[in-house]
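Here are my comments on the model you sent. Please read them with the structure open.

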Amino acid sequence: MDNQKRLNPFGMRDKIGYAFGDMGCNFSFQLVSSYMYLFYTQCIGLSAKHWAWIIVVSKVWDAINDVIIGNMVDRKQIGKKSKFMPWISIGSVMLVAFSIMLFTPVGDFSDMGKILWCLLSYCLWSVAYTMINVPYGSLHSVITDDPKQRTTLSTFRSIGAALPAVLVMILPKIVYENNVLSANRLFIVSIVFSVAAFFAFFALRKMVTERVVRENKVEKVSYISTVKSFFTNRAMVGITIATVAVVVFYNSSMSVNNLVFQFYFNDASKSSLAMIASYLPLVAFMPFASNIVAKIGKKKLLTGSGLVSVIAGIAMLFLPITPDMKGIIIYVVGLMFVNTGCCVFQIIVWAMVADCIEDSYRKKGVREEGSLYALYSFFRKLAQGIGSALVALSLSAVGYVESADVQTAEASKNIKNLYIILLVVGLSIMVLSMKFVYNIGFKEEREFNNDIKE
């Protein structure tokens, strides 16, 4: 207790420091999500079929190592002062090396060499990313136990994630030469982003203060018990279904947007316009997130904003989006409304996951932050693999030829429609899960918050 009194009170330093954590993660993750598929199919020469099975295999491994590392974090404290920071320190060094390895131009390798390089580098990258992301996701639980402050941390986490996303928005002007993706330019960008990520993690470790003292022992909990805790927590199942839907159909299709501009609008550099539009709702909502959540609750906010997005996406399928500047304007404005629900999801999802984990502790009386977060991350990572494979196969099905510098008019239009349909499907599933599965409503949130304060 005396030690807690000597600590600095929760404040802006913690918020900014915690934001640096997701900033570091997203310097790497945003680049991989937006350009890895394009890099290996357009620059390195892998086919969509090769990509599909590579990404599924690597994501299954990624999901498995989430559970392994999550349990390691819960059961083995490798630092004297912090349960989570030493893991982040080790992972940050690994992430720099493997992010650069992932975007190394290996176009001269044999077909098997390209496949093995892609598979190996992505599996190693996923281990490094997990070693950071799992303890980072659990870190909020020891920064503060105040519910409103945790929502604020979730908001600042989204702010930190937004900066790399903004930088990725301007990359089309850098990584494309004459409307063709440049492998060498992407390699240089990967070096710059990796170094920036390392310093962001350094800032996280220096600025965040851990105030919530847990018992100084490692919880002895079986894997089966943790899995049971996860699947008997209806709210956790609901937020996981919503997350899987968003990742499979929404996040995994970001690279398709680049293809829409590259082939339908015939100007890849203008894809940054759509990316900027996609984050305008995020920027507009962030300052008011905590107050809105306090008035109507997370579930109602996410369900309502998601419904708006679904309606906007369906409307886009019938709008006259022509391959000219007028069509670009309609397309970009439409995406701004479609992205509203996902932006709200990005801002409050981590606070909702924290609520689910805390709810599990109240029912079970055992601290399993790392393991439960790792299981949630397991399904999130599995969804990334399924989503990437689904997108690659869907593109082939609508006529996209990855080796061609120019697509047919019909294929280009199909790519545009495919992107919108993927967004609508993902957001629809998210809304349904929030409405009918996730069961921590506004009333339950207030009761839950009062229990925590007491």
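Predicted model: local features only at pLDDT ≥ 70, side-chain atom pairs only at ≥ 80, totals over all residues.

1. Core. The largest nonpolar core has 136 residues. Y35, I239 and Y331 have the most contacts inside it. Look at I239: leaving aside residues up to four places away in sequence, I239 touches F345, V349, M352, V353, C356, Y376, M434 and Y438.

2. Helix α10. This helix runs over residues 234–250 and has 17 residues. From first C-alpha to last, α10 reaches 23 Å, close to the 24 Å expected at 1.5 Å a residue. Of its 17 residues, 13 are buried, so α10 is largely enclosed by the rest of the structure.

3. Surface patch. Which residues make the nonpolar surface patch of about 590 Å²? They are I241, I314, L317, F318, I421, V425 and I429. Helix α17 (residues 409–436) supplies the largest share, three residues. I314 lies in helix α14 (residues 298–316). I314 counts as partly exposed because its relative accessibility is 40%, and the exposed class starts over 50%.

4. Backbone angles. Most residues other than glycine have a negative phi. Two asparagines deserve a look here. N179 has a positive phi of about 65°. N179 sits in the loop between β1 (176–177) and β2 (180–181), and is partly exposed at 26% relative accessible area. N266 also has a positive phi, near 60°. Its loop joins α11 (254–264) and α12 (271–285). N266 is exposed, with a relative accessible area of 56%.

Definitions and conventions
Residues numbered from 1 in each chain as written. Heavy atoms only, no water. Core = buried A, V, L, I, M, F, W, Y, C linked by side-chain atoms within 4.5 Å. Buried < 20%, exposed > 50% of the residue type's maximum accessible area, 1.4 Å probe, protein only. Contact = heavy atoms within 4.5 Å. Helix = DSSP H or I, 4+ residues; strand = E, 2+ residues; numbered from the N terminus. Expected span 1.5 Å × (residues − 1). Patch = residues over 30% accessible without salt bridge, like charges linked within 9 Å, V, L, I, M, F, W, Y side chains within 5 Å. Areas by Shrake-Rupley, 256 points an atom, 1.4 Å probe, with all protein chains shown as cover. Salt bridge = Lys/Arg side-chain N within 4 Å of Asp/Glu carboxyl O.
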